[in-house]
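Here is a short report on one protein model. Keep the sequence and the 3D view open while you read.

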Amino acid sequence: MDISNVRLEKCRANFANLFFDYFLPFSQIIAIGQPFLYAKPGAWLSQYSIVGYILIAIIFLVLGLKLKTEDIKDALRSSHVFIVALISSLFITGSVCAGITGQLPFDPLGQEDKISMMGPYEFRIGLLLYYSVPCTITAGIVLVAQAEGNLPMAGAVATVANIIGCYTTPILLKVFLSGVEAEFDIGGVLLKLTLSILAPVILGKLMQCIPRVPETVTKVKRWVSIVTSTCLAIMLWMKVSKAVADDAFDGVKWQSLLIMIAFVLLMCVINIIVNMTFSALLCLRSTYIRVMLLMVSQKTLVMAVTLVQVLPETLGEMGLILVPCFVAHPTQILLFSFIAPQLKKHPFDFRCPSFMPPRVINFCTWLNQNEEEEDKVPEGVKDAESSTVIENSVVISQPVSQAEHPPSQADSNSPSDAASNTTYTNILAVKVDMPLRRRSSALMKDVQK
């Protein structure tokens, strides 16, 4: 009976993991496919713009609830990495990709016959919009964790970039669209983004001051992700339903989607090269290189969908504009999901070349001294335990080896040893919430005591 219960619990756990891990892609597939079967419900709901703003507010309210000030403070200790990552995410990578996108031969605005293999005019707008947004949040953090990169830096870059992106994204999009026949009121868009994004983030952060709110959010964080994924899927469902109802997809070639996937992969490679260049110039260590490649090289889908909600419909059919966004996002995640394990298996650092002048070498050493301190793990801690870092917390997964320290009856009954074990457990519990940079050294000092 006990074995049956264990198997049942294991099956439940596996099912829960599958549900939470694959809810986002499956919800997006359903949101895109269902309107082609019956589009009237989504098309009717899309008439009420207030629904979209409510969904956006929920998404960014959750972001504010999960915002960790400690991660930002810890990231500022390596401010040169933090600043360069923000600049690359907000301006450099998007500008490079948008410059290449602007040269592609899409169909002109207002042309009913779909002639170009690249797709309709709205595909150009969608790609330019996607490359004007900052880096991704959830997917990037997950991939950085998988590659054992610097999680506090990844979380800080993602959060701050998306908050600043409320103001930089419309400006960049205005610049990117300067060469095409598309105009929109940038002041009105900035106001709408402030009310729909920045205000919910601030409210969510203030709600953390309410007792038990942070603890509750941490306990149900997987269900919180389901809420944000559901809101995103509903927004997509509404836009695609309206596009289907308006016959916007008539004449779109399936070859255009394949060409778009290949183009997105090429842009991902270019972003990797750009961020690899920044990493080499800064002589970054492996943990920060993984953040630059896996986090900064990607773009966020949430901000793109939010921007579509506030842009005027004179830009084109919004359902078609969203197609490149929902093609590019899973494509980039698939590519970087293959890259992350390789970065973990084959870590590498960028060092200052020995032929450089001594002042330059000393400057590089001073610039990265915080990274070197973080990369050093005391030997005593390695021998005492093996631990897994998950979202800036330490989970003890393996106790001290009994082969090296065989227990005895006298030892197990010794009050001093019991007190020592209790003290060591308390030390771990206290040090769990410390910033990643100081955790290893603090643990080692207390263990030695």
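## Aromatic cluster

One aromatic cluster is formed by Phe19, Phe20, Phe23 and Trp223. This is a predicted model, in which local features need pLDDT of at least 70, side-chain atom pairs count only at pLDDT 80 or more, and totals for chains, interfaces and linings use all residues. Residues are numbered from 1 along each chain as its sequence is written, and side-chain values use heavy atoms, with hydrogens and water left out.

Rings of Phe, Tyr and Trp (its six-membered ring) pair if their centres lie within 6.5 Å; planes under 30 degrees apart are stacked, over 60 edge-to-face, and the rest tilted. The count by this rule is seven aromatic pairs. Phe19 and Phe23 have ring centres 5.5 Å apart and planes at 55°, so this pair is tilted. Both residues lie in helix H1 (residues 2-33), four residues apart, about one turn of the helix. Helices here are DSSP runs (H or I, at least four residues), numbered from the N terminus.

Phe19 also pairs with Trp223, again tilted: 5.9 Å centre to centre, with 50° between the planes. Phe19 is in helix H1 and Trp223 in helix H11 (residues 221-245), so the pair ties together parts that are 204 residues apart in sequence. Phe19 is partly exposed, at 30% relative accessibility. The classes are buried (under 20% relative accessible area), exposed (over 50%) and partly exposed in between, with a 1.4 Å probe and protein chains only.

## Nonpolar core

The largest nonpolar core has 99 residues, and Leu129 and Leu311 touch the most other members. Such a core is a set of buried Ala, Val, Leu, Ile, Met, Phe, Trp, Tyr and Cys residues joined through side-chain atoms within 4.5 Å. Neighbours within four places in sequence aside, Leu311 contacts Leu129, Leu173, Phe184, Val189 and Met318. Contact means heavy atoms within 4.5 Å.

## A buried serine

Ser286 sits in helix H13 (residues 286-294). Its relative accessibility is 13%, which counts as buried. Not counting residues up to four places away in sequence, Ser286 touches Pro347, Phe348 and Asp349.

## Positive phi in two loops

Glu148 is not a glycine, yet has a positive phi of about 60°. Glu148 lies in the loop between helix H7 (138-146) and helix H8 (151-176). With a relative accessible area of 48%, Glu148 is partly exposed.

Arg212, also not a glycine, has a positive phi of about 70°. The loop between helix H9 (186-207) and helix H10 (213-219) holds Arg212. Arg212 is exposed, at 69% relative accessible area.
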